[in-house]
Amino acid sequence: MTGFGKSEVSLPTKKITVEVRSLNSKQLDLSVKLPGIYRSYEFDIRSKAAAAIVRGKSDISITVENTAVQTSATVNKELFREYLHQVSDALAFSGADAAYDAILPVVMRMPDVVSTQADDISEEEHAALMQAVDEALAHFSSFREQEGAILIADLLKRVDNIEDYKLQVEPYEQARCETIRNRIREHLAQLQVEVDQNRLEQEMIFYIEKLDITEEKVRLKNHCRYFREVASSEEAAGRKLGFIAQEMGREINTLGSKANEANMQILVVKMKDELEKIKEQVLNIL
C-alpha cells in the first residue's frame, strides 16, 4: 500500500504541484495540505483520493507557485493624496523630500488606503487543479501496481518453496513408520515381558494412523493452489490472501505436531519461516 505520485500543471501565471504519498495502514488515514484559496475544493479532492488510495496512511500536498509578478493589493490614489494633504497641512510640512519620507509610512497605514481583494479562482485554474490531482493519483496508482506485481511474484515464489518443502517431507514420512515400529519393539524387548503380537500390531497401526499427515498435505496443497488463483486473478485480494495464509499455517502447524521425526520437523520450520514472510508481505497488498 505504499506509493508515491507527483504532478505539475502550469498556467500563464501559476504552477500547481500535487504530491501523493502513502504508507501501510489497515484503514484510510488521509491528510490534505493545500493553500487557503483552494480550501473550498478540499471535499472534492478528498473524494477523489479516497477512491484511488482505498487504504493507507496517506498525505496529499498541494502547492502553488506564482510565475508572474502580480499582487491582489490596490492603492486608493485619491484617498492617499487626501490623507497626505491633510497630514502635511496639520504638521505644516513644506514639501521637502525628508518630510515626505517621514509621513509616507503613516499615510499608507491610514484606513482604506490599501485594500486587498481575495483571489477568485477561475474555471481554468479550477480545472488545472483537478487535472493535477487526477494525474498525481494516476501516477500513484501506477507506482502501487508496479510494487504490487513485485510483491505478488515474491509471494508466489514463497508458496512454491512451501510446496517444495512439503515434497521433501515424503521420503522421511515413509521411513519413519518403520522407525517407530522398531522403536516400540525395542522398548518392549527391554521390558522383557510377553506381549500379544496381534494386539501389539493393532495398537501400533492405531498409533501410526494418528501420526498420518496425508490429509494435512492434501489440504495444504489445495490452499497453495487457491492462493495462486486469488493472487493472479482477483483485485484487492490482500485480505483474502491473508485468510488463506492463516489456513496454510494451521495445516503446517498440524503437520509439525504429527511429524515425530527430526528431519520432518526441520522442513516444517522452513515452511513456517516462508509462511511468516508471506503474512508480512500480504499486509502490503490491498
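**Figure 1. Packing of α4 against α8.** Helix α4 passes α8 in a left-handed crossing (left-handed if the near helix is turned anticlockwise from the far one by less than a right angle, right-handed if clockwise). By class, this contact of α4 with α8 has 13 nonpolar, four polar and eight charged residues; Ala, Val, Leu, Ile, Met, Phe, Trp, Tyr, Cys and Pro count as nonpolar, Asp, Glu, Lys and Arg as charged, and the others, Gly among them, as polar. The axes of α4 and α8 come within 9 Å and cross at roughly 165°, where axes are lines fitted to C-alpha atoms, for helices over the stretch in contact, and angles run from 0 to 180 degrees between N-to-C directions. The two helices, α4 and α8, are therefore roughly antiparallel to each other (angles over 145 degrees count as roughly antiparallel). Helices (H or I, at least four residues) and strands (E, at least two) are DSSP runs numbered from the N terminus. The model is predicted: local features need pLDDT of at least 70, side-chain atom pairs count only at pLDDT 80 or more, and totals for chains, interfaces and linings use all residues. Residues are numbered from 1 along each chain as its sequence is written, and side-chain values use heavy atoms, with hydrogens and water left out.

**Figure 2. Packing of α4 against α6.** The axes of α4 and α6 come within 10 Å and cross at roughly 165°. That angle makes α4 roughly antiparallel to α6, and their crossing is left-handed. On the α4 side, the residues that meet α6 include Ile152, Leu155, Val159, Ile162 and Glu173; among their counterparts in α6 are Thr214, Leu220, Cys224, Phe227 and Ala231. Contact means heavy atoms within 4.5 Å. Nine nonpolar, one polar and eight charged residues make up the contact of α4 with α6.

**Figure 3. The nonpolar cores.** A nonpolar core is a set of buried Ala, Val, Leu, Ile, Met, Phe, Trp, Tyr and Cys residues joined through side-chain atoms within 4.5 Å; buried means under 20% relative accessible area, exposed over 50%, and partly exposed in between (1.4 Å probe, protein chains only). The largest such core has 29 residues, and those with the most contacts inside it are Ile162, Phe227, Leu241, Met248, Met271 and Ile278. At least two residues of this core come from each of α4 (123-191), α6 (214-233), α7 (238-259) and α8 (262-282). A second, separate core of 23 residues includes Leu11, Val20, Leu34 and Phe140. Not counting residues up to four places away in sequence, Leu241 touches Ile152, Phe227, Val230, Ala231, Val282 and Ile285.

Figure 4. Ser7 lies in β1 (residues 3-10) and counts as buried at 3% relative accessibility. Beyond neighbours within four places in sequence, Ser7 is in contact with Ile16, Thr17, Val18, Ala132, Glu135 and Ala136. The C-alpha atoms of Ser7 and Asp134, 127 residues apart along the chain, are separated by 8.6 Å. Thr17 is placed in β2 (residues 14-23) and is buried, with a relative accessible area of 12%. With the same exclusion of sequence neighbours, the contacts of Thr17 are Lys6, Ser7, Glu8, Ser61, Ile62 and Thr63.

Figure 5. Val54 lies in the loop between α1 (42-53) and β4 (56-66). Its phi is near 70°, a positive value in a residue other than glycine. At 45% relative accessibility, Val54 counts as partly exposed. Gln27, in the loop between β2 and β3 (28-33), counts as exposed at 55% relative accessibility.

Technical notes:
Parallel < 35°, antiparallel > 145°, perpendicular 65-115°, else oblique.
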